[in-house]
Amino acid sequence: FHPILLPFQMLFTFSWAEPFDDFKTYMENQYKTMSDEHGQWLAHKLNVKVCPYCNRQYTFTLDSKGNGIDGVKTRPEFEHFYDKSTYPFLALSFYNLVPSCHTCNHIKGNKLIKIHPYVDGFTCKFRIEDKQKIALDKSNLLLLKQSQFKVALNHSANEKTNIDVFGIKELYNQHKDYVREIMDKTQAYDSHARDSLVDSFQGAGYSPEEVYSFVWGRYLDGDEHEKRPLSKLTKDILDQLDISN
């Protein structure tokens, strides 16, 4: 079977007179065969570097061979947007296979969500709130300890399904130490500090935008969030605190 035509070739080898349960078993087995034999190839072609569901974990595809040893072979797991048990006819659809981290793949299971990362993306906004659900700004950051603020989200009704199923809010509140670091850095990154950094780096040929990325990290533009974990969280907090380049 050619990997590109694999889903269609396998479907046509199946006898539609067989019961649904047999068809489900057949498709699940065919998916396992595809995953075992062509999963590394597919993950390499898709080249998804960060889990599109959570933006928290890398999903590198690697197949290296050492000197006389087996080397390292790893790839993201393929999460079925429509689970293959309920929708076996989509078990081999490339559009139904989302490269994801182990956590998201196993949390979701057979649950239905409404935001497909290939179609809609994840556009909700993270923000820092105090216990009274009041959004923070630079004027009151230092007044709160880590236990006194939380990471919240502004989201649509459809995005809420993803947030609830994957536990996004709960998971991101495990990153409050990272959020605290950003909050602390914003206190020192005023206009004078920014201009000083720009002046010191310009002699080396760096632009103000590049200096900004040195301070806050790369890949903060919306179309680059899939390149580094927590990049969307970082950008949303910087926007909330009115930090720009």
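User: Leaving aside neighbours within four places in sequence, which residues is A43 in contact with?
Analyst: This is a predicted model, where local features need pLDDT of at least 70 and side-chain atom pairs pLDDT 80 or more, while totals for chains, interfaces and linings use all residues. Residues are numbered from 1 along each chain as its sequence is written, and side-chain values use heavy atoms, without hydrogens or water. Contact means heavy atoms within 4.5 Å. Beyond its neighbours within four places in sequence, A43 touches V48, T61, R75, P76 and F78.

User: Is A43 buried or exposed?
Analyst: A43 lies in helix α2, residues 20-46. Helices are DSSP runs of H or I, at least four residues, and strands are E runs of at least two, numbered from the N terminus. Buried means under 20% relative accessible area, exposed over 50%, partly exposed in between (1.4 Å probe, protein chains only). A43 has 2% relative accessibility, so the residue counts as buried.

User: How far apart in space are A43 and P76, C-alpha to C-alpha?
Analyst: In sequence, 33 residues separate the pair. In space, the C-alpha to C-alpha distance is 6.9 Å.

User: How many disulfides are there?
Analyst: A disulfide is a pair of cysteine sulfur atoms within 2.5 Å. The closest cysteine sulfur to that of C51 is in C101, at 3.7 Å, too far for a bond. For C101 the closest is in C104, at 3.7 Å, again too far. By this rule the count is 0.

User: What relative accessible area does C101 have?
Analyst: C51 is buried, at 1% relative accessibility. C101 counts as buried because its relative accessible area is 4%.

User: At roughly what angle do the axes of α6 and α9 cross?
Analyst: Axes are lines fitted to C-alpha atoms, for helices over the stretch in contact, with angles from 0 to 180 degrees between N-to-C directions. Those of α6 (residues 176-188) and α9 (residues 231-240) come within 11 Å. The crossing angle is roughly 35°.

User: How many residues of the contact of α6 with α9 are nonpolar?
Analyst: From α6 come Y178, V179, I182 and T186, and from α9 L233, T234, I237 and L238. Ala, Val, Leu, Ile, Met, Phe, Trp, Tyr, Cys and Pro count as nonpolar, Asp, Glu, Lys and Arg as charged, and the others, Gly among them, as polar. The contact has no charged residues, 2 polar, and a nonpolar count of 6.

User: What share of the protein's residues counts as buried?
Analyst: The secondary structure comes to 9 helices and 6 strands. Of the 245 residues, the buried share is 39%.
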